[in-house]
Amino acid sequence: MPDSFVQNRVPAAATTQCVEVIEVSKIYHGGTQNAVEAVSSVNFSVPHGQFVAILGPSGCGKSTLLMMVGGLEAVTTGRIEVDGSPMAGPRTSIGIMFQDSTLLPWKSALDNVLFPIKVLKRPVQEYHDNAHALLDRVGLYGFAQKKPHELSGGMRQRVSICRALVYEPNVLLMDEPFSALDAITRDEMNGLLLDLWQQYTKTALFVTHSIREAVMLADRVLVMTQRPATIVEDLTIPFARPREMSIGESREFNEICGHLRERIEHSHFEGRR
Amino acid sequence: MTVETAQSRALDLVPFGAAQFPSLRQLRPVLLPVATAGTVLLLWQAVCLVFRIPHVILPAPTEIAGELWRILPTLLKEAIPTTLDSVASFCLASGLGVGLAIVLTYSPLLRDTLYPNLVAFQLVPKVALAPLFVVWLGITSESRIAFSTFASFFPVVISAAVGFEGADASTLRLCRSLTATDWQSFRLVRFPFALPAIFSGMKIAMTMSVIGVIIGEFISAKAGLGFYILYASSRMETAAIFAALFVLCMIGAALYGAVALAERHVRRHYGRR
Amino acid sequence: MAHVGRAVGLPVAFAIFCVIAWEALCRFGHVSSELLPAPSAVWNVLAGNPGILMEQAVPTTIEVAVSFAVACAVGVLLAIGITFSAAIREAIYPNIVMFQVIPKIALAPLFIVWLGVGGKSIVTVGVFIAFFPMVVSTATGLVGAKPDVLQLCRSLTASEWQCFVLVRFPYAMPHIFAGMKVGVTMAMIGVIVGEFITAQAGLGYIIMFASSAGETATVLAAIVVLCGIGLVLYGLVALGELAVRRWYGGELPTSGVI
Ligand SMILES: Nc1ncnc2c1ncn2[C@@H]1O[C@H](COP(=O)(O)OP(=O)(O)OP(=O)(O)O)[C@@H](O)[C@H]1O
Ligand SMILES: [Mg+2]
């Protein structure tokens, strides 16, 4: 299993798809009165190393889709393949970041970062340096021994980024990781994620409500409709990497955002029919 | 809705008019525990029969049922004072408790003076005082009610006081800005906010007042289920003990259920789950 | 500082005032000492006759400590058992909650029928009463771990056992202590009621005996000793909780059980 960051950049791998979602639907409580169709025949694929953002109205089924890709929810119909093999359950080659930082309150920042290593029964000592380096990288130098309640919301989210990266997954799934943060911290976190991305390119699916955030971070943006969710737009973002946060002021950026907003509003309308 | 979708919806459902009756799966949370309790009873019966356990040690459920049927008139007669005393002390404890909590909420001086003492009283074994009430009030129903009220009063005051104190600060500020009177802000904000806490205190008080009455009847009574249980145990009539316990449990559960129902009703009135 | 002074001073002053008022009532109010002995009379019993009270305190303390310890062990183990599998939890937990509601103390005479008069049945009553709050709050804690964190574990392909050791059990610690605080009070109640109705030895026996003999001062003295024992045991649990709270860090979930 290609575990290190560097191997992802091998060009041979770039030709094959990393994540493939084929005709996937999800129905909760199927066969009962309160059946909910959350996702309906979704198709898309993500090549290795691509950063894909998923935009859509609240409650449309984005989290459901992401959890299915992560193997945490079963698909009702259709198929999901990651690295060429169908998903049957959670895998260690996939890292997930949740909306809340979900840190363990009794563990220090460092121990929280090392939590996956402990669960995966890898030698914790070997990852110590790596964990420290990640914490330094996200600007938490000197906070390694602090417990979550001694950290701010943004700091906690940084710890959880480190936690998602420390065990070197190939694919990173992020479910509105910054939505609980204030606007300024959020911009800061976007910058940080962009930097980290440039350093360790890996395949990513990023769910968000913010159009600007999606355009800023992603190589490609998928727009979903109201529940049951389907994909109505698949837009490639033309900005080159490495990106600077300042592209947010460019005209092209704002035009793309405007276009996406229009698509979303339109799909809202369509969704209600 | 077209006919087709209506039909496909109908097909989703379990046939035979399952729409009216809850399905087996929905009943699982009720059926499973009941089945477990039933299994335990069956095992009990089997053990008694197979190992020929002496009746004095453990009568079989069927024997207990027979005994219950035989002495039911006596038990019901004994149940009357127990129930009345429990209800009386519950009402006294709830009324006094909530009343004192209101006083504590509006008088900072009394709160600072009394509250810590109340909490300290919560910790001491109040049961030990039961014989004192007999010394003071004699072997009477009043002495049992007084003791039982004393035992169940503290949880109500403490949780009600915590509840009144915990009312949403910004809503109270809103009231002040609307120049609401103290009575208005109490009736409209503090009281509804405190309801869950008051009811959780009252539920504890309900159990405690039955316990208090039983202990009172153990140590000083000529009637009541507690008295009957102790009397039967001195004559080694184990089946009669179990029958009396059964009636007592029914009373305890019914009284608790009544409080829980009242809670549901009141909370629904205030638009909270 | 003035704030702290008020927070401690006022309640203590009030308690002292109550004792003085009580003393004054007894001295000048012609209250029969059988009905309400003065605090000084209670003190005389405590100071004048400590041997007897202490002697009777020994079995009571041991019984409370043993039944509390057994209730904790059995309660936590059973809670682990019933939360480990969803089916077992659904089957057993509602029955246990049902038991919370009924007046279990009424079973005390039954234990005496089974185990005879003496320490064994008293301890059993204590265990039986203290055990339910332990199970309920431990189980609440064990199933109450944040779903997000459990999902994180699943995404890391953690085993059930790892989830339990690394997440569920630590999350339950505060609840376990909340249960223990209730449990220690309940063990005390069970033991006292057991001593009331078996009447062989212990402070509960002293209280019953002295109250029927009209020696109310002795009753109050025994109650003072009991309160002392109760507070010490409760204090030990609270100290343990403080240590866990420090380890846990930050906000503690609370649990409301009887
Ligand atoms: N476990 C579940 N059981 C039943 N229905 C569910 C479940 N999880 C989600 N749903 C339903 O599926 C739909 C999609 O939910 P989902 O959480 O995927 O939305 P979302 O797009 O992530 O929303 P948000 O942007 O608010 O996070 C919702 O209508 C929700 O009610
Ligand atoms: Mg979501």
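**Helix packing, ligand shell and backbone details**

Student: At what angle do α8 and α10 of chain B pack?
Tutor: Helix α8 (residues 182-219) and helix α10 (residues 238-269) of chain B pack at about 165°, and their axes are 10 Å apart. The model is a predicted one.

Student: Parallel or antiparallel, then?
Tutor: Roughly antiparallel: angles over 145 degrees are counted that way, and α8(B) and α10(B) are therefore placed in this class.

Student: And which hand does the crossing of α8(B) and α10(B) have?
Tutor: The crossing of these two helices of chain B, α8 and α10, is right-handed.

Student: Moving to chain C, how many helices and strands does it have?
Tutor: Chain C contains 10 helices and zero strands. Read from the N terminus, its elements are α-α-α-α-α-α-α-α-α-α. Along the principal axes, the C-alpha atoms of chain C fill a box of roughly 75 × 60 × 30 Å.

Student: How do α2 and α10 of chain C cross?
Tutor: In chain C, the axes of helix α2 (residues 39-48) and helix α10 (residues 216-248) come within 8 Å and cross at roughly 70°. That angle makes α2(C) roughly perpendicular to α10(C). The crossing of α2(C) and α10(C) is right-handed.

Student: Now the ligand. Which residues come nearest to ligand 1?
Tutor: There are 13 residues around ligand 1, and those that come nearest are A:Ser58, A:Gly59, A:Lys62, A:Ser63 and A:Thr64.

Student: Which element gives the most to that shell?
Tutor: Helix α2 (residues 62-69) of chain A gives the most to the shell around ligand 1, with three residues.

Student: What about the shell by class?
Tutor: The shell around ligand 1 consists of three nonpolar, seven polar and three charged residues.

Student: What lies 2.5 Å from an oxygen atom of ligand 1?
Tutor: An N or O atom in the side chain of A:Ser63 is 2.5 Å from an oxygen atom of the ligand. A polar side-chain atom of A:Thr64 also lies 2.5 Å from an oxygen atom of ligand 1.

Student: How much of ligand 1 does the protein cover?
Tutor: On its own, ligand 1 has 630 Å² of accessible area, of which the protein covers 66%.

Student: Last topic, the backbone of chain A. Is the peptide bond from A:Arg241 to A:Pro242 cis or trans?
Tutor: The bond is cis, with omega near -5°. A:Pro242 is located in the loop that runs between β10 (231-236) and α9 (251-272) of chain A.

Student: And what is phi of A:Ser41?
Tutor: Phi is near 30° at A:Ser41, a positive value in a residue other than glycine.

Student: Where is A:Ser41 placed?
Tutor: A:Ser41 belongs to strand β2 (residues 36-47) of chain A.

Terms used:
Residues are numbered from 1 along each chain as its sequence is written. Chains are lettered from A and ligands numbered from 1 in the order in which they are written. This is a predicted model: local features need pLDDT of at least 70, side-chain atom pairs count only at pLDDT 80 or more; totals for chains, interfaces and linings use all residues. Side-chain values use heavy atoms; hydrogens and water are left out. A residue is near a molecule or strand if one of its heavy atoms lies within 4 Å of it. A polar contact is a pair of N or O atoms within 3.5 Å; within protein, one must be able to donate a hydrogen and the other to accept it, and residues adjacent in sequence count only if both atoms are side-chain atoms. Accessible areas come from the Shrake-Rupley method with a 1.4 Å probe; for residues, only the protein chains shown count as cover. Helices (H or I, at least four residues) and strands (E, at least two) are DSSP runs, numbered from the N terminus. Ala, Val, Leu, Ile, Met, Phe, Trp, Tyr, Cys and Pro count as nonpolar, Asp, Glu, Lys and Arg as charged, and the others, Gly among them, as polar. Axes are lines fitted to C-alpha atoms, for helices over the stretch in contact, and angles run from 0 to 180 degrees between N-to-C directions. Angles under 35 degrees count as roughly parallel, over 145 as roughly antiparallel, 65 to 115 as roughly perpendicular and the rest as oblique. A crossing is left-handed if the near helix is turned anticlockwise from the far one by less than a right angle, and right-handed if clockwise.
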